[in-house]
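Subject: Structure handover

Hello,

Here is the structure for your set-up work. My notes follow below it.

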Amino acid sequence: MAVLHKQNIGTLALAPRLLRTLCAFLLALSLLVGGGYAHAQTPANASPQNVRASIDIETNRPAPGDVVTVAIVMDPKTGWHDYWVNPGDAGTPLELEWQLPNGVTAGTVRAPVPETLIVSGFMNHIYKAKHAFLVDVTIPKDAQPGQRLNVKVNARWSACSDLVCVPENAKLTVPVTVGSGKISDADRARFDAWRSALPVPLDRSALYQIDGKRIEIAIPYPRSAKAERVWFFAQTEKLFLYAAPQSARRVGDWLVVSGEVKAGFDGQIDGLLRFNYAQGLEVRAMPGAVPSGGDAVSVLGEGAPADQEQPPLGFGWILAFSVLGGLLLNLMPCVFPILGLKALSLAKMGGDEGEARRDAVAYTVGIIVSCLILGGIMLALRAAGEEVGWAFQLQDPTVVLILLLLMVAVTANLVGIFEVGGIGAGEKLTRQGGLSGSFWTGVLAAVVATPCTGPFMAAAMGAALLLPTGLALLIFAGLGFGLALPFLAIAFIPALRKRMPRPGPWMVRFRQWMALPMALTSLALLWLTYQLAGFTGLMIGGAATLIILAGLFALGRKQKAGSPYKWVVISLLAIAIGAALIIGKVTIEPAGTASKAGSITFNEARLNTLRAEGKPVFLYFTADWCVTCKVNEQAAIDRTETNDAFRKAGMTVMVGDYTRRDPDITRYLAKYGRSGVPLYLYFPPKGEAQILPQILTVDDLTALTN
């Protein structure tokens with residue numbers, strides 16, 4: 001009994017071995033779910049796009065052997081943009097996958113002259129206005145008149161605002177029938193307009209020389225020609241510091257542009273010189289002597305703030321917000337049970353400074369690794385064209401079921417039904433198990449925390465989708481660091497550690513009380529299983545829970561009797577895997593968004609109609625797996641005083657349910673720099689939307705009606 005009592009105090013939750021296996025399986029399932037998303041077929045133009053793509057052709061009756069020009073026309077919404085062939089520090093260019101009849105070939109993409117946009121200190125080469133990428137398509141000489149040679153292409157691109165990027169795609173088709181090759185005047189004029197936006201090939205080579213990291217490019221340019229608002233766009237990638245300031249000067253028949261490179265190099269440089277108002281030259285530069293002296297020329301952005309838009313926050317602030325958002329996650333109800341377990345672990349260590357620090361570091365590494373994995377999966381899915389947001393894995397019943405069974409096992413462990421500690425193990429093994437357990441407790445904390453979005457975190461997560469991959473992953477790492485920060489502080493600051501209560505009998509009672517929030521978490525996950533997979537999912541989840549509990553009870557009896565229990569653990573894992581595979585096959589019809597009485601289901605077209613009619617609208621996005629959402633609904637939204645105030649003011653309440661994956665909601669969240677829920681918006685009768693705090697009160701909502 002003394003041994004068991006000691007183990008009751010010392011065990012954090014599940015034993016490291018079992019916890020490691022279950023958490024690893026959960027993360028593996030997240031990867032599998034991600035793969036499923038990535039390979040799902042997205043219907044062409046299934047919903048409104050932020051940058052609308054269409055296809056046009058100069059003549060759809062080309063003659064045999066003709067070279068006909070095809071235009072991929074891109075039309076960004078206000079506040080959105082897409083990218084040039086070299087997007088700069090962030091973004092992805094237009095990618096075309098042609099599906100052409102035999103004998104028909106497509107040439108290279110010719111892109112119009114881009115403009116610049118600086119976001120968080122990163123240079124982007126973009127298009128804000130309607131434009132077209134042109135491709136020459138060659139018709140085979142042996143094509144027969146009347147033969148149908150329809151041109152098809154799968155297009156993928158990034159649509160971005162100043163806050164967030166959304167991958168978009170379309171399947172484009174234009175009918176082509178071999179004919180006379182005649183081009184109408186209207187078609188000719190339309191395509192001549194597209195061609196006029198293309199850069200003109202320069203008939204002579206430019207010269208460049210590098211001094212340290214400074215590069216000067218001398219471009220042949222007649223001294224009589226006007227030149228202002230100059231900028232050099234490097235088509236050769238990963239050589240230039242795109243955001244570095246440029247300068248320009250004229251020396252006779254040369255226009256010299258100066259910029260910065262990452263390191264010295266030699267060889268050919270391809271690029272584009274933009275000058276005046278969206279005019280351009282295709283430049284090919286080779287090493288050579290650059291003339292000195294000359295008169296200064298204005299560069300793009302001087303006196304034109306629209307081209308060099310600076311956001312209010314730089315990357316340092318965004319990273320700080322991610323850390324602060326992770327820190328505040330510790331106050332959210334979804335994370336509290338894990339925090340209690342971790343506090344119990346630190347209290348157990350008492351004054352052992354070395355052990356406390358090792359434990360805190362292992363816990364921190366577990367959280368950060370998990371956040372990096374989940375963030376990396378999300379970024380990869382979005383790059384593949386999927387509309388997913390933060391906590392995307394909780395929109396899959398398989399992952400939710402595994403998390404449910406894990407929470408059930410933790411609850412049973414806290415109650416004392418079973419222990420899987422290092423019985424009879426030496427001190428070395430016990431210590432290794434403790435660090436392993438701390439690491440996997442960090443993994444568990446990160447996974448459980450994903451349904452929450454706290455203050456400061458939403459802006460950071462939204463901005464992460466706009467940044468280059470490496471910097472975006474730093475944002476996710478910052479979130480994990482913030483989540484682990486309290487325990488790092490306790491472990492490394494002696495004054496804080498001394499305030500921790502000393503080990504004693506209270507720890508057993510505290511551990512048993514912590515089973516209550518874990519049990520409530522399990523019930524919430526069972527309810528979410530029902531929401532995602534219907535009654536069949538509820539039956540599978542309920543049956544698996546009961547079987548797991550029975551197995552854990554049998555495991556506990558074998559432990560107390562000193563009997564081998566290896567096969568019991570293997571059987572429990574097999575049951576969990578089997579249940580997950582079964583529920584993954586359950587298919588139910590997608591249900592419409594469930595709205596509470598007095599509210600309407602989110603629909604962007606309906607929202608626009610209400611705004612056009614001058615009606616006030618309170619729009620909020622929620623999900624059954626979002627604990628913060630549910631707390632706000634109980635504490636502020638679904639309150640009599642709130643409903644009465646809204647009714648008197650004629651307020652329309654609109655609800656977007658993000659419990660299941662919904663690309664329309666994902667895109668709408670992205671408009672406001674959000675990658676997940678909650679999001680609360682108020683649309684006054686006149687004026688722009690107001691973003692409300694993520695922690696609501698009744699006063700916050702009733703004040704909207706004043």
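Which residue forms a salt bridge with Glu-613? Lys-615 does, with the closest N and O atoms 3.4 Å apart. A salt bridge here is a side-chain nitrogen of Lys or Arg within 4 Å of a carboxyl oxygen of Asp or Glu. Lys-615 is partly exposed at 38% relative accessible area. Glu-613 is partly exposed too, at 47%. (Buried means under 20% relative accessible area, exposed over 50%, partly exposed in between, with a 1.4 Å probe and protein chains only.)

Ground rules. This is a predicted model: local features need pLDDT of at least 70, side-chain atom pairs count only at pLDDT 80 or more, and totals for chains, interfaces and linings use all residues. Residues are numbered from 1 along each chain as its sequence is written, and side-chain values use heavy atoms, with hydrogens and water left out.

Overall picture. The chain has 19 helices and 24 strands. These are DSSP runs numbered from the N terminus: helices are H or I with at least four residues, strands are E with at least two. Of the 706 residues, 51% count as buried.

Salt bridges. The structure holds 16. One of them joins the side chains of Arg-249 and Glu-216, at 3.1 Å from N to O. Arg-249 sits in strand β15 (residues 247–251) and Glu-216 in strand β13 (residues 214–220), so the pair ties together parts 33 residues apart in sequence. Arg-249 is buried, at 16% relative accessible area. Glu-216 is partly exposed, at 22%. Another bridge pairs Glu-228 with Lys-226, closest N and O atoms 3.4 Å apart. Here Glu-228 is partly exposed at 23%, while Lys-226 is exposed at 51%. There is also a network of salt bridges, linking Glu-58, Arg-188, Asp-192 and Arg-195.

Cavities. The count is 6 of 30 Å³ or more. A cavity is a set of points, on a 1 Å grid over the protein atoms alone, where a 1.4 Å probe fits but cannot get out; lining residues have an atom within 4 Å of a point. Volume is the space filled by probe spheres set on the points, which are joined across faces, edges and corners. The second largest cavity has about 70 Å³. Its lining has 13 residues, with Phe-232, Phe-240, Leu-241, Tyr-242 and Gln-246 nearest the centre. Strands β14 (231–234) and β16 (254–260) each give two or more residues to this lining. The largest share, 4 residues, comes from β14.

Best wishes

Note on methods:
On a 1 Å grid over the protein atoms alone, a cavity is a set of points where a 1.4 Å probe fits but cannot get out, and a pocket is an open set with protein on both sides within 12 Å along at least five of seven lines; lining residues have an atom within 4 Å of a point.
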